[in-house]
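I am opening a notebook page on a structure I have not looked at before.

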Amino acid sequence: MDESNRNSTKLDIERRQSSTDKDKELFKESYKALPESDSFEKKDSCKQSTENMVRENEDIGDGADEKMLNGNNDAGDKDKLAQKEVEVKFISGEQNGDAKIDIGKGTDTTFTGLSKEELMKFANDPFWIRLRWILFIFFWILWIAMLVGAILIIISAPKCAAPVPLVWWKEGPLVKVKTSDDVELAHKFGAKGVVYELPGDETYLVKEITIENRIKELVEKYNEKNIKLILDITPNYVTKDNPLFKGASENETLRSAFVWVNKGEAPNNWLAIAGGSAWKEVSSQNFVLSQFGKDRYDLQLNDIVAKENFKDVLRHLVSLGVKGFRLANAKHFIIDKSLKDETASNENKNSIHTNYDFWTHAHTTFQDGIAELLHEFTRLVHNATEGDGFLSVSEDIVRPEVFKVNDVLAIDLPQFGIVSRLLEDPISANTAKHLHTELTNVYKYLGESAWPQWQYDTNFFKYISASEFNIFMLLLPGVPIVPLEVFNYHNTSVETIHHLEKYRESPSYMHGNLNIFNDANETLIAYSRLKSGNPGYFVALNPNDVEVVGNFTNTEIASELTVVLLSDYYKVPNVAVKSKIASNAVTLSPRSAIICTFVPK
């Protein structure tokens, strides 16, 4: 390049630098120090380069960007350049005449929307005003509708019913009394009802003034202490002086109420309970079934005449204030009309044919129809007492299936006494295991919702004392029906009975599940009562005559138990009420019992 061209390039650069103040900001002077040995060689190179750049800049539209991109041999950069605005700056130095090109970074072109001033132009536009109001009103309508809907859902949702307290005859205890003089003692022990046994011969004589007045006195005396009266009655026979029997002797249409046979001799081999023939000749060639003693004649209670006669008795007793009934001899209520001979029983091989227990009595007991008959009587009592009364039986129902209608027991408070009898018998190494089996069977046969009556007396306390017996029995599902002296016998204290009655009022007892178990060695019998959301109860009994440490870790109870009640014969050191014990080491003294609470797992 000659000298004149070099000077022309310089003048051109200087003219561009001094054009305007704004342009000066775009051009920055810089220099780079070069080694002295290379200064002249690089100076010529820079001049040549500057001349080329100026020439290219004069014709920037003829593909300069493309040439620079091609110089990098990168086709992708060509596309990037097409999308960006590139700023090119020429920078010259003052000292050594160096020139430098700064190619700025491209900026993306983005949509910034309307400015505030532009948006404000639409603020008062009628269309947008209406739209805003519509959306505003729609929002609040929707919000209020959701609020109202939520309230309606809460109001209409089915409520979680509070646990219903047990009726008085399930709450218990129920005690047996002989006169109205026991009212104070019954009240002292918290009895909810008392059981008075009406003599069997008086069942159908309750309208006689002396018997009626006696029942009224009992009702009044016990009602003063809010204690209900329950009667034990015997509906399956009448005496010779009963109006029904007298009427049947004269009127053959009434004889269907009895097992009456017009025959020259006794029709079969049936025996009376006390022994001898069960047939009584009341007139020439007229025999009437009489299993329960002299001058007592069995009723066929499924007969309409006999049935209505007994219903009339129930209605009258309810009108006197009686709230509960226990019927004796329920298995004898219906007699087989075929009058077939009885067959010998295989259960009593040492008995002889003149004894009652020698025979099976398959035709005089547990006949079909007993359940339906009892159901009819039970329904009558419920209706007459407006749901406040009950009807049950006073003997063990050794064949529960006979007492069920559609697989539901036809009576309230069924009695199933084998459990208490196991504690009455001599204790063996298998007693705890047998108790577990029998308790499980009770609720299996009677049904999980059954509420049995537990009947025992002081004769049961030969091997297990009263305190331990009561502690074990009173927290089982069911109600104890016992003589009053059971709660006031030897080592049983009033405080113990009051504690047990308090526990019976807890949700875990009234509505909780029952779980029965032995310890790991099957030497202790225990059970728990637990309702979700409530503390559980754990009851354990040691029927053995040695101290036992029981392990209950494989059960549902928690690992830690809190002692709440100890029987009188519990003598383990360092264990008292409110003590904490481990479920894997529950120590019980010989023939003692314990009650603990626990938090469910």
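**Entry 1, the whole chain.** I looked up the secondary structure and found 18 helices and 24 strands in the protein chain, and I note here that the model is a predicted one. Of the 601 residues in the protein chain, 43% are buried, while the accessible surface comes to about 33,200 Å², with 52% of it belonging to carbon and sulfur atoms. I also checked the contacts between residues at least 6 apart in sequence, and 67% of these join residues at least 24 apart.

**Entry 2, a sheet.** I then turned to an open sheet of three strands, which lie in the order E7-E9-E8 with antiparallel pairing. Strand E7 (260-262) and strand E8 (279-283) each have a single partner strand and stand at the edges, so one side of each has no neighbour in the sheet. From one strand to the next, the twist averages 30°. Looking at one pairing in detail, I found that E7 and strand E9 (residues 286-289) run antiparallel and are joined by three bridges, and that Val-261 stands opposite Phe-287 in E9.

Last, I followed helix H15 (residues 431-446), whose 16 residues reach 22 Å from the first C-alpha to the last, close to the 22 Å expected at 1.5 Å a residue. Which residues are buried in H15? I listed Thr-431, Ala-432, Leu-435, Leu-439, Asn-441, Val-442, Tyr-443 and Leu-446 as buried there. After H15 comes Gly-447, for which I noted a positive phi, near 105°.

Conventions:
Residues are numbered from 1 along each chain as its sequence is written. This is a predicted model: local features need pLDDT of at least 70, side-chain atom pairs count only at pLDDT 80 or more; totals for chains, interfaces and linings use all residues. Side-chain values use heavy atoms; hydrogens and water are left out. Helices (H or I, at least four residues) and strands (E, at least two) are DSSP runs, numbered from the N terminus. Buried means under 20% relative accessible area, exposed over 50%, partly exposed in between (1.4 Å probe, protein chains only). Contact means heavy atoms within 4.5 Å. Accessible areas come from the Shrake-Rupley method with a 1.4 Å probe; for residues, only the protein chains shown count as cover. Two strands pair if DSSP finds at least two bridges between them. Axes are lines fitted to C-alpha atoms, for helices over the stretch in contact, and angles run from 0 to 180 degrees between N-to-C directions. The expected span of a helix is 1.5 Å times one less than its number of residues.
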